[in-house]
Amino acid sequence: MKGNNKGSCLKLATYLEKENDKKIEVERSYFFSVDRDRCNKWEVVQQIDNNGKGQGLERKDDRFYSLVISPSQSELAHIGTDSQLLKDYTRQIMENYAANFGKGIESRDLVWYAKIEHERKHGFDSPEVKAGLVQANELKMGDQRHIHIIVSRCAARENGHVLQAERVLTNSDRTMSLSPMTNQRGMNGGAVKSGFDRDAFFRANERSFDEQFGYGRSLAEGYDYCNALKNGSHRQYEQSLSQSRGLESTQEPTLQRTIDRSAELSAGF
């Protein structure tokens, strides 16, 4: 979903409630946070919106960011139907997110909420739609669980740990602005010198999933491999093909799903 993140997150939070409209109260899913599983939409809006106030942001600045975590069907099949495991994984992802800024902060120092969705629809640009196999807006088959995360641009003001870090980092206004859009690299495209390294974030999340759930990831499912095939140079592409020799043809659907997942994670910012 694309929208304006320079104001209130109300529109996004309301959008993420859409699946609940079809369900009775006992079947509805809730937002969750770093330490709670049942958070309603109004808490999300109040906490995210209020946290950005008085923190030195200008009108043109982003107030919050939206991340989409979309495991492959192979990964979902591995962890089974227990959505609590997805919540646990999301909490680890947000630990990775906080650590990636390199400022000594943790997930508890952020203001974020997440929600699991169970349905996905084919878009007008979907290959299946273009091939005439399905109609646009038709529900996708299989396990389509994915996680939407809303995270405030600013660190939580009421957390003493963050305030201590703020005094060191920004003595002028005691504000810590955290943007995953900042991805400053060194000379000739070298390692990230400051800001948020999105490639490192994806790799950390992949590693966390494998370690947390004992998942045996094949080469064809790896972020670096898929990224080279999708976005790399011709040389990187040839190297990836060379590395993939010996892989079973049955792994190709998983490969395509992983490529789609990587693209979606990038679009989540």
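Visitor: Is serine 179 buried or exposed, and what is its relative accessible area?

Guide: This is a predicted model, so the figures are computed from it. Serine 179 is buried, because its relative accessible area is 10% and the cut-off for buried is under 20%.

Visitor: Where in the chain is the place of serine 179?

Guide: Serine 179 lies in the loop between helix H6 (160-169) and strand S4 (183-185).

Visitor: Which side chain has a polar contact with that of serine 179?

Guide: The partner is tyrosine 65, with a polar contact of 3.0 Å between the two side chains. The side chain of serine 179 also reaches a backbone atom, the nitrogen of methionine 181, at 3.2 Å. If residues up to four places away in sequence are not counted, serine 179 touches Tyr65, Phe101, Arg153 and Phe196.

Visitor: Serine 107 is another loop residue. Between which elements is it found?

Guide: The loop with serine 107 runs between H4 and S2. Serine 107 counts as buried, because its relative accessibility is 0%. Leaving aside neighbours within four places in sequence, its contacts are Val34, Met94, Glu95, Ala98 and Trp112.

Visitor: How many residues apart in sequence are serine 107 and alanine 155, and how many Å apart in space?

Guide: They are 48 residues apart in sequence, while their C-alpha atoms are 9.6 Å apart. For the chain, take the contacts between residues at least 6 apart in sequence: 71% of them join residues at least 24 apart.

Visitor: What is the secondary structure of the chain, and what percentage of its residues is buried?

Guide: There are 10 helices and 5 strands. Of the 269 residues, 45% are buried.

Visitor: How is a pair of packed helices described?

Guide: Two numbers are used: the angle between the axes and the distance between them. For helix H4 (residues 83-99) and helix H7 (residues 198-213), the axes come within 10 Å and cross at roughly 140 degrees. H4 is therefore oblique to H7. The crossing of H4 past H7 is right-handed.

Visitor: Which residues make that contact of H4 with H7?

Guide: From H4 they are Leu85, Asp88, Tyr89, Gln92, Ile93, Asn96 and Tyr97; from H7 they are Phe201, Ala204, Asn205, Glu206, Ser208, Phe209, Gln212 and Phe213. By class, 8 are nonpolar, 5 polar and 2 charged.

Visitor: At what angle do H7 and helix H8 pack?

Guide: H7 and helix H8 (residues 223-231) pack at about 135 degrees, with axes 10 Å apart. H7 is therefore oblique to H8. The contact is made by Asp199, Phe202, Arg203 and Glu206 of H7 with Tyr223, Asp224 and Asn227 of H8. Its residues comprise 2 nonpolar, 1 polar and 4 charged. Glu206 of H7 takes part in the contact with H4 and in the contact with H8.

Definitions and conventions: Residues are numbered from 1 along each chain as its sequence is written. This is a predicted model: local features need pLDDT of at least 70, side-chain atom pairs count only at pLDDT 80 or more; totals for chains, interfaces and linings use all residues. Side-chain values use heavy atoms; hydrogens and water are left out. Axes are lines fitted to C-alpha atoms, for helices over the stretch in contact, and angles run from 0 to 180 degrees between N-to-C directions. Helices (H or I, at least four residues) and strands (E, at least two) are DSSP runs, numbered from the N terminus. Angles under 35 degrees count as roughly parallel, over 145 as roughly antiparallel, 65 to 115 as roughly perpendicular and the rest as oblique. A crossing is left-handed if the near helix is turned anticlockwise from the far one by less than a right angle, and right-handed if clockwise. Contact means heavy atoms within 4.5 Å. Ala, Val, Leu, Ile, Met, Phe, Trp, Tyr, Cys and Pro count as nonpolar, Asp, Glu, Lys and Arg as charged, and the others, Gly among them, as polar. Buried means under 20% relative accessible area, exposed over 50%, partly exposed in between (1.4 Å probe, protein chains only). A polar contact is a pair of N or O atoms within 3.5 Å; within protein, one must be able to donate a hydrogen and the other to accept it, and residues adjacent in sequence count only if both atoms are side-chain atoms.
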